[in-house]
Each structure stands twice: as structure tokens, then as C-alpha cells.
Amino acid sequence: MAYDIERYLNVRNAGGASLGPDGERLSFLLDTTGTSQVWSVDGPGEWPRQLTFYEERVTFAEWSPTRDELAFGMDEGGNERAQLFRLAGDGSAVVPLTAMPDAKHRWGGWSHDGDRFAFASNRRDEAVFDVYVQGREETGDDAELVWEGDGWYAVAGWGPDDERLLLHEAHASFDHDVYVLDVASGERTHLTPHEGEIRYQGVNWGPDGDALYLCTDRGADTLYLARLDLDSGELDQVEEGGDWNVDGLELDEETGRFVYSRNVDGYTELTVGELTGATTYRTHAEPNLPRGVRGGVDFGPDAETFAVSATARTDNANVHLVDVESGEATRWTDAATAGIPRESFVEPRLVHYETFDGREIPAFFTVPADAPEGETPVIVDIHGGPESQRRPSFHPLAQYYVDRGYAYFEPNVRGSSGYGREYTHLDDVEKRMDSVADVEAGVEWLHGRDAVDPDRIVAMGGSYGGFMVLASLTEYPELWAAGVDIVGIANFVTFLENTGDWRRELREAEYGSLEDDREFLESVSPINHTETIQAPLFVAHGENDPRVPVGEARQIAEEVAEHGVPVETLIFEDEGHGFTKLENRIEAYSAIADFLDEHV
């Protein structure tokens, strides 16, 4: 039976899990109402309770370690200027903690006694993030500025003594630094001085507060698990990366129990262990979770269990509780599939194809079970980032289109994360168009598949993926039957000039700078090559987009239309970088489906 797109967009997802101070209640984010809200449940199979009731999305929720209350974040209209709130455990009361709607607030965690919390914010200067500490009963201006920043800072957690904070600074996507800040004195200690680009992520305090455990690629191509001694600054490997990144870590500082994740060609492998020495550990059983993508680990107060979200291409996201020692996983949430039988969802095939320089490009390829030979249209869906990665998590639109008879092709072209430092930098600045050539090679590979109709191939993508769509249409116009650009970059110069001040330096590190690379940026901007576009184009955007300003959509739609190419434009007044509200998602993707029906 075929289901309409609205049904697929009503498939729900549960994630963002946090275990309460008693370890018996679980909060999570669920989009049953159309936007993610805070829910709680007392056990597997128990009836969940909705705790927040907003039209806007909730971005995170975290239980206090000592009280029956949570902190949560929420922005407005997709503008990413998140505000912080305190929520009673039964949902009966909400207290605005920040109430500064022009500023971004990045949650940094509760102190161990639950009396204070930390966050980073650009309320003083939009271009940089400072660090604040605030009492749980304080609001707004009551927050204490404890570190005046000069870059992109985040708080990675409180020290075991609640006297220190871990600070994480991002200079670029692949270049980070870590500091310890003494809250009382404001003294900051730089732990990771370095030259070149090095990543530090998944940073956790060690059990005695004298070391950090983290994931880094210092001296390696892939991320590995390491211990950083606070006194000596020495970095010691705990677990190697090898061919695949160890890309996430959650460590319980009381017990030394931990979970780290390894990204193996897009699939998550979890290792559960317990420290037996500074760099030694024993492992526990592997959790019996669906094979796909897992993350968002949160230990219970005794670290005997942890909550984790799991999703696969044939499983929408749900939260499971895992017994640390046995690995036994129990699903605590039941996010609905909108009446669509789970067995109807189709698993992709992981493939690799050769590109122009002989390199192998990984991709996920999903084909309808009854695809007719030589007659199957294909959607080439290109991820954003660019330092992101398409992974085998649940993708309702892919399932919808496969059900409608399309094949679905998702390449991880050069520049994608997940395949090591070298691969990620292969598209930097002057190499930008090499990644577009990888898309062209993928289409040529598709031409060799028996089921594929080579005259009905669609380019689709969002954010940076939107740029990739537009660049593919301008560079290889003969390959495409249609293009769909969602919140995409059309002009790198105007994008960098108008993106949020806090993002510009990070983005220039990837794309090139306005000062030094303007001529190059103009040369690769699709807006300057619209005369070559032949395929009908659909452009969708949010008016409040702080990352890729809506002017990018308006200028590309106008230019392409002037050349006589069919263009459809859809702009939402109450959305930002992507579409978070269910009614808007339904409108947008229904319009895209109709557009593809007409032109493909």
C-alpha cells in the first residue's frame, strides 16, 4: 500500500535522553506535536507524559542532578538564538532563566549540587561567546560573567569539585582547543597548545579530576580515545582510531565507567567499558541495539545503566536503557510510525564508486524492490556541512520516495567527515569543485545500474548540500532532470557577508576568506553561472535563517528564472535553517513531491 508524504512526515522520533536524579525517570524529546517537546516516562511500556507545550522546538533538556527539575533550551522561529528555561519535573511550572532573545545561549551543564549552571553566550558581542555561571533561582542579568571570550566557546562541564569548568573552543570545524577555567578567580589554563589543525571532542573529566578523557586526532588521521593529564599536559592513547574515528565519549567520573562510539563507514559501534588504570580498561558486553546510528549517552546516577538513542534506516529513533554489564537493552520509548508498517521500510546498500582521481567514494543506495529495468528515476541527495556525513539513520523522505518508485542515492563525497582528516580536507577552498566532480562520478556510476533511467536523475540537497545542487546544475547541466535547493548557498560572497557574525570566521576557514579569496569565491558561486542551468529548479528557504540568509534563495531563483528555466520558490516566514514545524515540512515536501512529479 502506498502512503502519502504527510504520513511519512508524521513518523515520530525520540531522542535527547536524560535520566532523572533517582535513575528511574527518563526525559526525552519527542516530536508528536509537530515540534520536539519535553516528555518523561517512568519505565518501558509506561504511558509517557508531555511536559512542555510550545509551538517552537525544544533543543535539549537535562535533569538536575539533585532536584525534581530540568533545564531546557528553545529558540524562536528557527533563529537559533536559544533561551534557557527551568522546568518542574511534573511540567507544572516553567521559569525563563535567560530572557535575552537577541543572544544565543549554549548550555554547559548543572553543577553537581544542582545549585548553579553554566553556559556560553554572545550577549555581550554577537561575534564571540563568553562564559557565564548562574544560580538556579537567578534570571537574566543575574548571570555572572566568569570568562570574557574572544571566539567560539562552549562549556564542556563542571569539574568534580564544582570549582572549575571545562571550556572548548572551535577555531574551525577541525581545529579545537581545551581549557580549564577556575570559576572563582577567572584564571584560565590552556591545555592543548598546538600548531596546525587538531580536533578535541567528547571531552570528559576523569574520575579523580586530575585528567581529561577525550577524542582527538593529534598526530593521527583519525580520532582516537586519549587521556590528557592536567598537570603535565601529556596526552596518552587509550584506544586507537585505526581506519575509523572514535568520535564520541561519555564517562561517569564517579565510577570510571564509559561508553565510546566508533563510526565505521557511517554505522555506530559502541564499546562499554570501565577504567582499571589511567589508560587501561576492561570491556563489558556490547549493547544489543538496532544496527545503525547510536548516540546521546546519559548514565544513570549509579552508572549501572545508561540511556541511548538508536536509529536505523528501517527503524525510527527511540531511546533505550542499557544495562552496563550485560549489554541488555530495553526500549523505553515508542515513537509511532504513523501507521506505516516497519517491515515496509527499505534498507540501503553501502556502495563505493570510483571518481575522477581514482579515489573510492562511499554512498548509500536504496532501490525499490520491484524497480523496473531502465525506468527507475533516482534522487541524488547530497548532505550539507560540508564536514558532515550521510549515515544510515531513519530518513522518512527517502522511504517515501522509494515507496513512490524512486531510487535514492546518498554519496559521501570528499570533504565529508567520518573518513579521516585527509579525506575531509580534500575539498578545502581551491579544491571546492573537486567534490562537485565526485557527484558527477556518482551519476556516471548510476548510469551503469540496470534499473536506472539516466534521463530522470534529480539533484537534491540542503544547506551546503544546496550549494552542491546548484553547482552540479551549473557544472554538469546535461546530467539532471531537476534540482531541489533547500536553504542552500548560491553566492559565497554574499553568504559570508551576511551570515551570523559568530559563524563567519569558522566558515571562512572552510570556504576561503572575503579578504584573501574573494575572486575565487566568486568563481565557484553558482549565481555567476546560472546561464548554464537547464533543469527545472525548486528553491525552499526560511526567512529567519541565521546561517544561510534568505537572500541566497531569492537571488538564485530570480537569476535562473530570467534565463527561462522553470523555477518554484517557497519561503517560510517562521522558519530558519531548515523546517522544524510539521505543517511547514508537510507543505514544503508536498510541494517538492508535486514538482518532481511534474518534471521527472
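Predicted model: local features only at pLDDT ≥ 70, side-chain atom pairs only at ≥ 80, totals over all residues.
Local features were taken at pLDDT of at least 70 and side-chain atom pairs at pLDDT 80 or more, while totals for chains, interfaces and linings use all residues. Residues are numbered from 1 along each chain as its sequence is written, and side-chain values use heavy atoms, with hydrogens and water left out.

Strands here are DSSP runs of E with at least two residues, helices are runs of H or I with at least four, and both are numbered from the N terminus. Strand 2 covers residues 26-30, and five of its five residues are buried (buried means under 20% relative accessible area, exposed over 50% and partly exposed in between, with a 1.4 Å probe and protein chains only). Leu-26, Phe-28 and Leu-30 sit on one side of the strand, Ser-27 and Leu-29 on the other, and both faces are covered.

Strand 2 has a partner in strand 1 (residues 14-19), to which it is joined by four bridges in an antiparallel arrangement; two strands pair if DSSP finds at least two bridges between them. Within this pairing, Gly-15 has Leu-29 as its bridge partner. The two strands make a hairpin with six residues between them, and Gly-23 in the turn has a positive phi of about 70°. Strand 2 also pairs with strand 3 (residues 37-41), again antiparallel, through five bridges. Here Leu-26 stands opposite Val-41. The hairpin of strand 2 and strand 3 has six residues between the strands, and Gly-34 takes a positive phi near 110°.

Another piece of sheet is open and has four strands in the order 17-18-19-20, with antiparallel pairing. Four bridges hold strand 17 against strand 18 (residues 211-216). Across this pair, Gln-201 stands opposite Cys-215 and Trp-205 stands opposite Leu-212. Their hairpin has five residues between the strands, with Gly-209 at a positive phi near 75°.

Next come the rings. A pair of aromatic rings is described by the distance of the centres and the angle of the planes. Rings of Phe, Tyr and Trp (its six-membered ring) pair if their centres lie within 6.5 Å, with planes under 30 degrees apart counted as stacked, over 60 as edge-to-face and the rest as tilted. The whole structure holds 36 aromatic pairs. Phe-72 and Phe-85 are stacked, because their ring centres are 4.9 Å apart and their planes are at 15°. Phe-72 belongs to strand 6 (residues 69-74) and Phe-85 to strand 7 (residues 83-88), so this pair ties together parts 13 residues apart in sequence. Both Phe-72 and Phe-85 are buried. Phe-299 and Phe-306, in contrast, pair edge-to-face, at 5.8 Å centre to centre and 65° between the planes. Phe-299 counts as buried at 9% relative accessibility, and Phe-306 is buried at 0%. Ring pairs also link a cluster of tyrosines: Tyr-3, Tyr-8, Tyr-400, Tyr-401, Tyr-406 and Tyr-408.

The loop between strand 6 and strand 7 contains Glu-80. Glu-80 is buried, with a relative accessible area of 14%. Apart from neighbours within four places in sequence, Glu-80 is in contact (heavy atoms within 4.5 Å) with Arg-57, Asp-75, Lys-104, Pro-546, Arg-547 and His-577.

Finally, helix 4 (residues 432-447) packs on helix 5 (residues 464-475) at about 75°, with the axes 10 Å apart. Axes are lines fitted to C-alpha atoms, for helices over the stretch in contact, and angles run from 0 to 180 degrees between N-to-C directions. Helix 4 and helix 5 are therefore roughly perpendicular (65 to 115 degrees, with under 35 counted as roughly parallel, over 145 as roughly antiparallel and the rest as oblique). Residues of helix 4 that meet helix 5 include Met-433, Val-436 and Val-439, and among those they face are Phe-467, Met-468 and Ala-471.
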